[in-house]
Amino acid sequence: MPGGRLTQQERQQIALGLADSLPYAEIARRLDRPTSTITREVMRNGGPTVYRADLAHRATEHRTHRRRPASSRGPESVPQAHGRDAEAVAAYEEVFTTVLMASGLPKMAARVLTCLFTTDAGSLTASQLAERLQVSPASISKAIAFLEGQSLVRRERDERRRDRYVVDDELFYQATIASARSNDQLVATARQGAAVLGPHTPAATRLENIARFLDFISESITRAAEQAREVLHTRPGTDSDGIAQPTPDAG
């Protein structure tokens, strides 16, 4: 019904419509829904290029499950710093988590990474993560193990000798370099195949072209990461080149 929640079948129709490059208004007409409903559904689940019906439906079920009486203490009731809108923050975290899942992260790893990225300190203990996400310590441990294996978080000890899990300025740089270097084995294997299959044969040419392409991509990514590395160290009050910006009351 137009006023009810979207069903999984409707979300699949939305995904098909996006794949066919249909405008939101046309998708809405076919589903007998307001255009605004389709627009909100797509944008809160990563946008038209990454929208996936299964992930969107899962995210909605998660939102429904998380809703608790006002008297209970859950993620929405945690006081927000800097005057942030708690509801807007929660909605954004769901969008960010869905996009990370679409990029290939498991659901819990995506939730943990989102939690760390949206925390001003950029670090939390396992117990803090479990409390904020309302999950078991075992779930946090498994997610952290995966993220550490992907070089997406690092572990450090605080003054109370507790393990803290950190996302810092260098992690995205290191993960990008590791991703670029992960192509090296495929490049070497493709070139090995080109030699085995014989020079100047179509199969060998295909493999050599793959190797050259991946070589170029890896070198370009590495060079770009080195050039842009300082951007990750930009602090509030400076622009992307590290130049201090005047405060609002500055003359």
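Start by selecting residues 171-181, helix H9, which supplies three residues, the largest share of the lining of the largest cavity. Helices here are DSSP runs of H or I with at least four residues, strands are runs of E with at least two, and both are numbered from the N terminus. This is a predicted model, where local features need pLDDT of at least 70 and side-chain atom pairs pLDDT 80 or more, while totals for chains, interfaces and linings use all residues. Residues are numbered from 1 along each chain as its sequence is written, and side-chain values use heavy atoms, without hydrogens and water.

Lining residues have an atom within 4 Å of a cavity point, and a cavity is a set of points on a 1 Å grid over the protein atoms alone where a 1.4 Å probe fits but cannot get out. Colour by class and you get six nonpolar, one polar and one charged residues.

How much volume does the largest cavity have? About 40 Å³, and the structure holds one cavity of 30 Å³ or more. That volume is the space filled by probe spheres set on the points, which are joined across faces, edges and corners.

Now zoom out and colour by secondary structure: eleven helices and three strands. Walking along the sequence, you pass α-α-α-α-α-α-β-α-α-β-β-α-α-α.

Finally, colour by burial: 33% of the 251 residues are buried (under 20% relative accessible area, 1.4 Å probe, protein chains only).

Definitions and conventions:
Buried < 20%, exposed > 50% of the residue type's maximum accessible area, 1.4 Å probe, protein only. 1 Å grid on protein atoms, 1.4 Å probe; cavity = no way out; pocket = protein on both sides within 12 Å on 5 of 7 lines; lining within 4 Å. Nonpolar A, V, L, I, M, F, W, Y, C, P; charged D, E, K, R; others polar.
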